[in-house]
Amino acid sequence: MDVRAQMSMLFHLDKCIGCHTCSVACKNLWTDRKGAEYMWWNNVETRPGTGYPTGWEDQKHYEGGWSRDESGKLRLRLHSRSKGLANLFFNPALPEIDEYYEPFTFRYQDLFDAPAGDDQPTAVPISAITGEEMNIEGGPNWDDDLSGSPIYAANDPNFDQVAADVKAQMDEIERVVFNYLPRICNHCLNPACVAACPSGAIYKRAEDGVVLVNEDKCRAWRMCVAACPYKKVYYNWSTGKSEKCILCFPRMETGQAPACAHSCVGRIRYMGVLLYDADRIPEAAAVPEGDLIDAQLDMILDPSDPAVIAAAKASGLDDGWIEAAQASPVYKFVKEWGIALPLHPEFRTMAMMFYVPPLSPVVSVIEEGLVKLDLPPEQVDFERFENLDKARIPIRYLANLFSLGDEEPIRRILRKMLAIRIYKRRQSVDGVIDDATVQVLAEAGTTVEEAEVIYRLTTLPTIEDRFVFPPYHREMSQEAIYGDPLARKGETGLGYLQAPVRGA
Ligand code: SF4
Ligand code: SF4
């Protein structure tokens, strides 16, 4: 057993309000620079929708991630060694700028210089790349809240095998349902970006699993951009280097949550350590499709198991990291309660950011000017398991996002969350916990005690409950590299300061 630690984030999708505060916090901190205008290391997509860059989930087009061949071997979908060489100078799988969007700013000076007239002057949009005037035809969240149009929803690739009548229902504008999907780099255990880089410039940090680009080594081949199935590596046209989410490692090293998580208004984000067995990665990434989720979750180890603790210590993890793993909220959601899944496990990169699928919104219709639940009137108690399909975004759609189209794991999770909702409603509205309520919990595979803990961590967590960071002991690695631990005082995390230069 080769025990390693991964800093992992959990997104509780029921709580995301689509405010984009996370994206803006990240943008202002990391990508507010020349060449990075179009980059959103964190973005929030309205679902159903086509996302950013457009249609990123369609790997027939983008050729990202891994596939399993007939002999059971794992292969990069992008290329073999020889195809990689052939495509070195022209890679057809690379997204074009229009698939993200052409970044723009406005000529604000027009507001001041416009001659006196009857009309209000407007600032003309200009391209941030060419400086020319342009018509804005896209943006990072162009289909935000569907922008009043079902077009984006209709083109969502996750509608595969969603029944036509359900799809038609969702296309009706008053009945359309949507939820939000925040996305960052998944800091995968089997990252396709790392495998595809011909220069060896991308690597996964040993201490916390953060995937980083060494900009000194990056030679702008951009294979990482094409190979990442989540499209979370970006090419900076100004510096000629690739860039990606760094999970705010300089903040984590000082015990602070990443900017997106810290600023999250809905408090949907949780962070903690997961321990995993690195020996099992090759085998787990290559299992048949139906076994992928179990194989990935099985690799995550119980941090309270004495055998795991002993192996973790043997691998160099200190008590602080092991204790942080034991207190990890992500471990609770993913392993103890089993209500979180990775996004698109079929990409086989073993994404290490996890999502609690959304139970809300409940579908409503407008009748006679009143908003009503889209349920038969005789069923006033809409919170019944039979109505799971009726009362929310289609299960099949969520299954296409999180469980390779298998509806069973999604149903299991939603039943559990629904049972907790019924339990809390009985407790707070009726003031009783009767046998029927306990029975509902039992049917959903949970108990009063567990329901209470899940409720508390979901609705009333303190910042210390949400973010559990281990002591990074940067002083020890500094000492190992520089000898004197005080030699780099004040330079936490960043290490060296020269800017990346094109061609270097
Ligand atoms: S999500 Fe991140 S770690 Fe995973 S393949 Fe993409 S860039 Fe690499
Ligand atoms: S800040 Fe939080 S609630 Fe707002 S969009 Fe981002 S993840 Fe959702």
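## Ile454 in helix 20

With a relative accessible area of 4%, Ile454 counts as buried, where buried means under 20% relative accessible area, exposed means over 50% and partly exposed lies in between, for a 1.4 Å probe and protein chains only. Ile454 belongs to helix 20, which covers residues 448-459; helices (H or I, at least four residues) and strands (E, at least two) are DSSP runs numbered from the N terminus. The C-alpha atom of Ile454 is separated by 9.9 Å from that of Ile339, and the two residues are 115 residues apart along the chain.

## Basis of the model

This is a predicted model, in which local features need pLDDT of at least 70 and side-chain atom pairs count only at pLDDT 80 or more, while totals for chains, interfaces and linings use all residues. Residues are numbered from 1 along each chain as its sequence is written, chains are lettered from A and ligands numbered from 1 in the order in which they are written, and side-chain values use heavy atoms, with hydrogens and water left out.

## Salt bridges

The count of salt bridges comes to 19, each being a side-chain nitrogen of Lys or Arg within 4 Å of a carboxyl oxygen of Asp or Glu. Glu243 and Arg33 form one of them, with their closest N and O atoms 2.8 Å apart. This pair links distant parts of the chain, 210 residues apart, since Glu243 lies in strand 11 (residues 241-244) and Arg33 in the loop between helix 1 (21-30) and strand 2 (43-47). Glu243 is buried at 4% relative accessibility, whereas Arg33 is partly exposed at 35%.

Glu133 forms a salt bridge with Arg107, the closest N and O atoms being 3.1 Å apart. Here too distant parts of the chain are linked, with Glu133 in the loop between strand 6 (124-127) and helix 6 (151-154) and Arg107 in strand 5, 26 residues apart. Glu133 counts as exposed at 53% relative accessibility, and Arg107 as partly exposed at 31%. In a further salt bridge, of 3.3 Å from N to O, the side chains of Asp319 and Lys313 meet; Asp319 is partly exposed at 42%, and Lys313 is partly exposed at 44%. Salt bridges also link Glu45, Arg47, Glu57, Asp156 and Arg183 in a network.

## The second largest pocket

Rolling a probe the size of a water molecule over the atoms shows where empty space is left. A pocket is here an open set of points on a 1 Å grid over the protein atoms alone, where a 1.4 Å probe fits, with protein on both sides within 12 Å along at least five of seven lines, and lining residues have an atom within 4 Å of a point. The second largest pocket has a volume of about 540 Å³, a volume being the space filled by probe spheres set on the points. Of its 21 lining residues, Glu57, Asp160, His344, Glu346 and Phe347 are the closest to its centre.

Helix 2 (59-62), strand 3 (66-68) and helix 17 (395-402) are the elements that give two or more residues to this lining, and the largest share, 3 residues, comes from strand 3. The lining divides into 4 nonpolar, 7 polar and 10 charged residues, where Ala, Val, Leu, Ile, Met, Phe, Trp, Tyr, Cys and Pro count as nonpolar, Asp, Glu, Lys and Arg as charged, and the others, Gly among them, as polar.
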